[in-house]
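Thanks for sending this one over. Have a look at the structure first, and then we can go through a helix and some charged pairs together.

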Amino acid sequence: MSQMESFYVVKSTKEKDEKLGEIDAPSLSKASNAFHLWLHENRNKVKDEDVFYIFSMKHPLQFDENNRMIEPKGKMRTIVSL
């Protein structure tokens, strides 16, 4: 059985970026799949222009003074909610 890893989910809007939550999954691909399911089930909570980023919690989540995420090291998935 694969070891679980923790992933950040960050929501990006025109105004700011913010931590939306965390996902535990065995891989980035599985975390992305789990988020796609959440996105489908919560469609009414998401705007079409929202963008989501998923990346490992092995690297710190950081924001600049304008509340924009500083791109983390390592692999990241980008999900557009069109």
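Below are a few numbered points on this predicted model.

1. Let's start with helix α1, residues 28-41.

2. Next, which residues of α1 are buried? They are L28, A31, S32, F35 and L39. Looking down the helix axis, the buried residues sit within an arc of 100 degrees, so they line one face of α1.

3. The buried residues of α1 are covered by elements including β1 (5-12), β2 (17-25), β3 (51-56) and β4 (76-80). On the face turned away from the buried side you will find L37, H40 and E41, which are exposed.

4. Now the charges: the structure holds 4 salt bridges. One of them pairs D50 with K11, with the closest N and O atoms 3.6 Å apart. This pair links distant parts of the chain, as D50 lies in the loop between α1 and β3 and K11 in strand β1, 39 residues apart. D50 counts as buried because its relative accessibility is 1%, and K11, at 17%, counts as buried too.

5. R68 and D17 form another salt bridge, their closest N and O atoms being 2.8 Å apart. Here the loop between β3 and β4, which holds R68, is linked to strand β2, which holds D17, across 51 residues. R68 is partly exposed at 23% relative accessibility, whereas D17 is buried at 9%.

Technical notes: Residues are numbered from 1 along each chain as its sequence is written. This is a predicted model: local features need pLDDT of at least 70, side-chain atom pairs count only at pLDDT 80 or more; totals for chains, interfaces and linings use all residues. Side-chain values use heavy atoms; hydrogens and water are left out. Buried means under 20% relative accessible area, exposed over 50%, partly exposed in between (1.4 Å probe, protein chains only). Helices (H or I, at least four residues) and strands (E, at least two) are DSSP runs, numbered from the N terminus. The arc is that of the directions from the helix axis to the C-beta atoms. Contact means heavy atoms within 4.5 Å. A salt bridge is a side-chain nitrogen of Lys or Arg within 4 Å of a carboxyl oxygen of Asp or Glu.
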